[in-house]
Amino acid sequence: MLNTYVDLNIKPYKNVDLSNLLRIASKLGYVAVAIEGVDVVSNEFNRLKVLPRVTYKYMGKPITTYEGLRSHLIVYEIDQPTMIKALTSLRGRCHLIRIAKDALTGIRKKHINALRSCRIPIELSVKELISNNSINYTYLKNFLKLLPYVERGDIELVVSSYAGDEYELIHPIQLIALLKELGLSELVAIKALTGVPMKILRMVGSRV
């Protein structure tokens with residue numbers, strides 16, 4: 001059985017040929033992607049499932065209205081570690097939590113416990129880990145604090161590219177190799193690109 005690879009974070013640069021980006025994503029083996037910042041005119045492109053994504057800054061409480069977002073992937077971004085402790089209010093209000101590098105830099109055991117308790121998957125955007133062909137070691141050092149909890153299943157992980165064009169898309173096999181190099185088992189690494197994002201797609205109401 002082939003793995004169903006999913007990239008839940010693609011944010012095209014201005015004037016990028018979206019059709020070509022999606023074509024390359026499909027060629028790399030992805031079966032579904034989430035797109036942010038552009039209008040998604042179709043929910044399928046050459047058998048590649050496409051859904052719109054919207055990301056909000058988390059300011060301690062969720063927004064009060066989700067009109068018109070029924071079929072959207074809803075994500076909250078945490079950019080301060082102090083906001084992590086108040087995540088219980090997001091239960092049932094979003095599908096994914098993105099921890100920005102500034103928040104990850106200040107993460108402590110109490111914040112990790114809050115992530116475990118909220119039971120909402122977290123997202124690792126590869127572009128924050130690797131940029132200009134070099135690794136952000138500060139980001140990596142703090143991200144590694146989460147990996148034992150991901151490995152045990154206490155925290156669910158989604159890995160996405162945050163690609164702005166087709167050149168920033170990453171082959172899923174390379175992402176799995178990266179996660180294994182960071183210390184995750186192969187099974188958990190694969191799950192971060194298949195099982196967990198597929199579960200989120202089902203929550204959104206999107207079938208692959």
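1. Tyr137 sits in helix 5, residues 137-143. The model is a predicted one. Tyr137 has a relative accessibility of 59% and so counts as exposed, the cut-off being over 50%. Together with Ile130 and Ile135, Tyr137 makes up a nonpolar patch on the surface. The accessible area of the three residues together is about 290 Å².

2. There is also a charged patch on the surface. Lys85, Arg108, Lys110, Lys141 and Lys145 form a positive patch. Lys85 belongs to the loop that runs between strand 5 (73-78) and strand 6 (96-99). Its relative accessible area is 65%, so Lys85 is exposed.

3. Next, the salt bridges. The structure holds 12 of them. Glu36, Arg53, Lys57, Glu77, Asp79, Arg98, Glu123 and Glu128 are linked in a salt-bridge network.

4. Are the two partners buried or exposed? Glu36 has a relative accessible area of 11%, so it is buried. Arg53 is buried too, with a value of 5%. Both values fall under the 20% cut-off for buried residues.

5. Arg98 is another member of the network. Arg98 is placed in strand 6. With a relative accessibility of 5%, Arg98 counts as buried. The side chain of Arg98 also makes a polar contact with the side chain of Ser125, at 3.3 Å.

6. Two further salt bridges deserve a look. Asp154 and Arg152 meet through their side chains, 3.3 Å from N to O. Arg152 is exposed, with a relative accessible area of 54%. Lys199 and Glu156 form a salt bridge with an N to O distance of 2.6 Å. Lys199 lies in helix 9 (residues 195-204) and Glu156 in the loop between helix 6 (147-152) and strand 10, so this pair ties together parts that are 43 residues apart in sequence. Lys199 is partly exposed, at 30% relative accessible area.

7. Asp165 is a charge to check. Asp165 is found in the loop between strand 10 (157-160) and helix 7 (172-182). Asp165 is buried, yet has no salt bridge. Which side chain of opposite charge is nearest to Asp165? That side chain is Lys127, 7.3 Å away. Asp165 does have a backbone neighbour: a polar atom of its side chain lies 3.0 Å from the backbone nitrogen of Tyr167.

8. Tyr162 is in the loop between strand 10 and helix 7. Asp165 is found in that loop as well. Tyr162 is not a glycine, but its phi is positive, at about 60 degrees. With a relative accessibility of 21%, Tyr162 counts as partly exposed.

9. Arg119 is a further case of positive phi. The angle is about 60 degrees, although Arg119 is not a glycine. Arg119 is in the loop between helix 3 (109-118) and strand 7 (122-125). Its relative accessibility is 55%, so Arg119 counts as exposed.

10. Last, a point about the fold. Tyr13 is found in the loop between strand 1 (5-10) and helix 1 (18-27). Its relative accessible area is 39%, so Tyr13 is partly exposed. How many residues apart in sequence are Tyr13 and Ile170? They are 157 residues apart, while their C-alpha atoms are 16 Å apart in space.

Key. Residues numbered from 1 in each chain as written. Predicted model: local features only at pLDDT ≥ 70, side-chain atom pairs only at ≥ 80, totals over all residues. Heavy atoms only, no water. Patch = residues over 30% accessible without salt bridge, like charges linked within 9 Å, V, L, I, M, F, W, Y side chains within 5 Å. Areas by Shrake-Rupley, 256 points an atom, 1.4 Å probe, with all protein chains shown as cover. Salt bridge = Lys/Arg side-chain N within 4 Å of Asp/Glu carboxyl O. Lys, Arg positive; Asp, Glu negative; His and termini not counted. Charge placed at Lys NZ, Arg CZ, Asp CG, Glu CD. Helix = DSSP H or I, 4+ residues; strand = E, 2+ residues; numbered from the N terminus. Buried < 20%, exposed > 50% of the residue type's maximum accessible area, 1.4 Å probe, protein only. Polar contact = N/O pair within 3.5 Å; in protein donor to acceptor, adjacent residues only side chain to side chain.
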